[in-house]
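Try each task before reading its solution.

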Amino acid sequence: MENNSRRGFMGKAFGAVAAVGAIGSLFAMKKSWDPLPSVRSAGFTTLDLSVYKENELITEKWRGKPIFVLKKTADMVASQTESQKARDIEVNGSHYMIAIGLCTHLGCIPAYNASNKGFLCACHGGQFDFAGDVTKVPPPRGFDIPPFKIEGNTLVLGEAGPEYTKMKESGVTL
Amino acid sequence: MKNKEPLILAVVVIFSLITYYLVEPYAHHVMHKHVESEHFAYADLPALAANGDATRGQDLVMGAGACTGCHSIEAAGMPAAMEPQDAAASYGVNPPDLSNVGVIFDERFLADLIKNPAHALKVEHKFTAESGKMHPMSAFAGAGGDIDQEVADMVAYLKSIAIKAEDVTPKIAYENACGRCHAMSYEKWTQIGEKPSFKDKKDALAFDIKVLQYEDSLKAYMGKLPPDLSMYIRSRGEHFVSTFIENPQAQLEGTAMPRVGVTAEMAEKVIEHMQDSGDTKRAERESIGMNVMIYIIIFAIFALLWKKQVWRDLH
Amino acid sequence: MAHFTKATSIKDWLNQRLAIETVERVMMSEYWIPKNINFLWAMGMVLVITFALLLVSGIFLLMYYQPHVDTAFYSVNYTIMREVDFGWLWRHVHGVAASVVFLIIYIHMFTGIYYGSYKKGREMIWVSGMLLFVAFSAEAFSGYMLPWGQMSYWAGMVITNLFSGGSLHADGLVEWIRGDYVPAQAFLTRFFMLHVLLIPLAIIGLIGLHFGALRIPHVNNQDGEEIDFDKEAKKYLAGDKAGSKVMRFANDFMSKDMMVVGIYLIFFFYLVFWNYGFAMDAVNFDPADGLKTPAHIYPEWYFLWSYEILRPFSVDIGLVAFGFAQVIFVLLPWLDRSPNTVPANRRGLFAIWFWVMLINLIVLTAMGKLPPEGMFSQIGFVSAIVFIVQWLMLPFITMFEKKV
């Protein structure tokens, strides 16, 4: 092109200014895709732990996901291995398995069998024990545990208390 | 070659502006009555006759004035005797709690309201002799002494128990001045109070039924259900809302809406609350607007410089 | 099959497959534009930019809008205006652009009329442009329904009633359009479909046609001068840029387009942030109520002139006049019998015709908004008559126009 350098420069400068505007509007577009404030504020669920019965799986809902709550029997508590104990949530002397009820393989919801005290995922045959540990592949790890905070005899899901932080730091959950 | 562009631009701008003027400011001027604000002076009401004595006022409010027969005063430890929907079934609208009326409403208005409710509220057209209807609040006929002194005492008492003006949030102002007739769903407000979040659907429906019962009574009392005010700041504009609160009859003759009687300061808070519901992004709009304008001006300057460079060779 | 060689660069690779250099030359650098034009010729680019703003803002509104009679108003006024980050900005941009686009369309249209840009081979530019006007009108109307406020509902009621044909009482047609006896769910959903899919597709197709129609007759110029584009282009390419009567579209004219766009956007964003009321009618912030008509009901400003042609007459004559007003502009290239392609100011009586037409349309616009009472309805009546008479006169005053 026979552009003199000055003319070429102004064209490029204008292009740069226009690009800044385009990036600015991309920022607004990105923000418009964010979860809405009402979605974020609905991200906390309080569970009243007094209502659960031993060895009966109850599925709660938190952030649209199923949450497994299993109150352990005395036998279960007594038989727990070290790795099972690491996942145990103790509130007011009772022991619970509380976890996101999605198979860590591809996200199906496993079913609980109260007689053999284990979970089976129908999609690809993954198995978990009553503490949420994986016992048969393909799932790569035990159930994920949601952020929780113990408040008296209730549990607030979505808030990270010290017990949860400990689990997270020790790698019990992702 | 003479440059005609300034002339052409002038023609385009002038015709556009004339059109704008005719369809916007001028047409609205013709279509809508213009009401000037009286700055909430309530000049039609007499000034308070005497210096009130809050102690005597308390006796009157609790005793001979018979206020507490219908009104609760939470601040004085007197909770409401009835649920709002039951109170509305009896009176048409839930009689307000008197804890903070002394700070929200103008003293002239309060004094006149005690003596002659329909007059202070400017709803005498609804309660004429022919209609046979009586305003649900009975007028205070005096407790045997100088009635103006007694009223002044009562107003003094109401002022003494109210919270300070600076502690009145826009929300409190709205709830006291408007909230018993007007819902504001975007702020979860119903005429019987803020709608809590219920875990159980049954509880939520039970609450809704109470609201509907209340609204039925209100509808019978007012002629129609007073509108939800969530978006009123945008559908009516600040000036209309302000002058309408000050004197509904001036904007809309014959309306069932009573004069609210708030002080100028409280009217501003009510409007602020309406903005918090219907125009929440006003501050963001302002600041982002400034940034966008600065950017666009830079954009235009660079476009102009580019054009000048490119066109240098063309002439 | 064409012969492909190993590419020397990404550009060369693309060029072998997509002929990007040819495309660039044909569409940009060797698309020749006369030099003798003014900023009004940039209105096309201003419209493209405005349409792009409408498209982008519309996409973001579409992500949260709910086309249901129970939730539409809430999704617009609560979700979009309060919850979505920058949702208010998309809505304000969309609303203001939808209004301003008509201002630019009218400027663009009257530029064409003034300079005779619909004559001698440019008829299809005019016709496709008028089809775009119709499509934009339909797009504006269908979009106006979506917030489901009072003005949406009552505009929907009134405009669909036009199709009853007055004394013909074609109520079946009206119900067919609405899918209900009144504007309701079926109506809202189908107008939603029209607004976000069918009409935008039509608009994009028509924009293609409009640009294509420009290609062979070339862009007109300020004096209606017939330019030998091939000769002038050769002169330009030979280096005599100053002497040639033409210039490249890109970057020569594009730089001016961008300058005008820059100035336009200052005006546009001022409206978006500080003066949006004219484009976002206050009454539409009241939710739709089928049992209560607003005290004053009027269309958006860009429809007012044709609304006013409907209003002063009895129902049947009004509808005929309204129909006349809708189609008559399309016929301009054939109603104008003059052989001259020159600016209106050199065309004698036509110059008067032009300015009277423009001023009369503004009068009609103003009267269309004002309440139809007293003097306003008389002025409106006279203006409507003047409008019709002007069009009936046009063939005669142009037939005897002297050749310039």
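**Exercise 1.** At what angle do helix α8 (residues 170-177) of chain B and helix α13 (residues 264-278) of chain B pack?

Before starting, note that this is a predicted model, where local features need pLDDT of at least 70 and side-chain atom pairs count only at pLDDT 80 or more, while totals for chains, interfaces and linings use all residues. Residues are numbered from 1 along each chain as its sequence is written, and chains are lettered from A and ligands numbered from 1 in the order in which they are written.

*Solution.* 
- Step 1: Find the helices (DSSP runs of H or I, at least four residues, numbered from the N terminus).
- Step 2: The angle is about 105°, and the axes lie 8 Å apart.
- Step 3: α8(B) is therefore roughly perpendicular to α13(B) (the class for 65 to 115 degrees).
- Step 4: Contacts (C-beta atoms, placed from the backbone, within 7 Å) involve, among others, Tyr174(B) of α8(B) and His273(B) of α13(B).

**Exercise 2.** How many residues of chain C are in contact with chain A?

*Solution.* 
- Step 1: 10 residues of chain C meet 10 residues of chain A.
- Step 2: α5 (87-115) and α11 (249-274) of chain C each supply at least two residues of this side of chain C.
- Step 3: The largest share, 3 residues, belongs to α5(C).

**Exercise 3.** How far apart are the centres of domain 1 and domain 2 of chain A?

*Solution.* 
- Step 1: Take domain 1 (5-34) and domain 2 (40-169) of chain A, with bounds from an automatic or database domain assignment.
- Step 2: Over C-alpha atoms, their centres are 49 Å apart.

Notes. Contact = placed C-beta atoms within 7 Å. Axes fitted to C-alpha atoms, helices over the stretch in contact; angles between N-to-C directions. Parallel < 35°, antiparallel > 145°, perpendicular 65-115°, else oblique.
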